[in-house]
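Let's take a walk through this model, starting with the overall fold and ending with its charged pairs.

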Amino acid sequence: MKPVLVPFFIPHLGCPHRCIFCDQVKIAGARSVLPDPAELRGRIAEYRSAAPGRALEVAFYGGTFTALPIEDQRRLLEPLQPLIACREVQSVRLSTRPDAIDPGTVSFLLSMGVTTVELGVQSMDGQVLTRSRRGHTAADVERAVSLLAEGGVSVGIQLMPGLPGDSEERSLASLRRVLALSPSFLRIYPALVIDGTELADLYLRGEYRPLSLDEAVSVSKKMLTAARKAGVPVVRMGLQPTAELEAPGVILAGPYHPAFRQLVEGELMYDRACELAAGLPAGSEVTFAVSRGKVSDLVGQRRLNVKRLTERFGIRVAGVREDDALAEGEVSLTARESERM
Ligand code: SF4
């Protein structure tokens, strides 16, 4: 069973500058203030009583944790030590930048019981990194991942297709370089234009065009397929819908959808269903089977996939059922020719 996440947002704290696409306050709606030890302990206790018996994982998101002054890092991690020692907290994760990891940082994180580090990588393409003013290189990513992995820290990597200078080929090339580092997991967040960012200025001046929703789904689908082939889980696709993010005027443009992952999974299912349905006589009555929990992905939002399959192949989709014998994402089909034919 997955641990219950106890999240603490520290928007932009530790960040050496603002990357052109980023406004963590608008995305997560949290204050840029370090939680004090009492707040940390209080929140953990709340989650403990809401989920008795479940493992807890404390997570610090939204800033550059390892670029905070060391006394602030201690202020956040030291109150956790007794809770880690008595197994009240099972694991700790934090997010940071690749250029804010060095051997001393890794030793410190290990001494404080940090188990997972998420690196904001966004791209491995030099031009994209420069134009997004990330301030680090692909070599920094490779160095950071290898230092963390050598220390036994689990590494997650965040990628952001669709930044200035990016293309589908560059996004896929970035993904291949990242997969070669064997990260523990990935997150894929297609770039959005958030009000007040430098990317918004570029967009409003007509100097940046974000991906359309279809383009973002298409590149994310290819990325998800490649990651699955490499055995690397993609734990999130698209930003978490929040009231702050969805407030009018926050997202100026870009491929936002509150169920972005379902769109991507639905497209993958549709592709697989097309392969299976190709060559069936028109009028066939078809029942699809999918792995557990994937019926709505195959059916598609507003039954889009069923409608597309019906129109494209002239078949009748009699139903979609779960089959526990199928591996995750697999689809099978049984067909009966129409008796009228
Ligand atoms: S992308 Fe990361 S490093 Fe850049 S401003 Fe946002 S939180 Fe800070």
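What follows goes from the whole chain down to single side chains.

A quick word on ground rules: this is a predicted model, where local features need pLDDT of at least 70, side-chain atom pairs count only at pLDDT 80 or more, and totals for chains, interfaces and linings use all residues. Residues are numbered from 1 along each chain as its sequence is written, and side-chain values use heavy atoms, with hydrogens and water left out.

The chain has 14 helices and twelve strands (DSSP runs, H or I of at least four residues for helices, E of at least two for strands, numbered from the N terminus). Its C-alpha trace spans about 80 × 55 × 40 Å along the principal axes. Of the 341 residues, 49% count as buried, meaning under 20% relative accessible area, with exposed over 50% and partly exposed in between (1.4 Å probe, protein chains only).

Now for the charges. There are 26 salt bridges, each a side-chain nitrogen of Lys or Arg within 4 Å of a carboxyl oxygen of Asp or Glu. One of them joins R93 and E57, at 2.9 Å from N to O. That pair ties together distant parts of the chain, as R93 lies in strand β3 (residues 91-96) and E57 in strand β2 (residues 56-61), 36 residues apart.

Elsewhere, K294 and D297 pair up at 3.7 Å. K294 has 11% relative accessibility, so it counts as buried, and D297, at 7%, counts as buried too.
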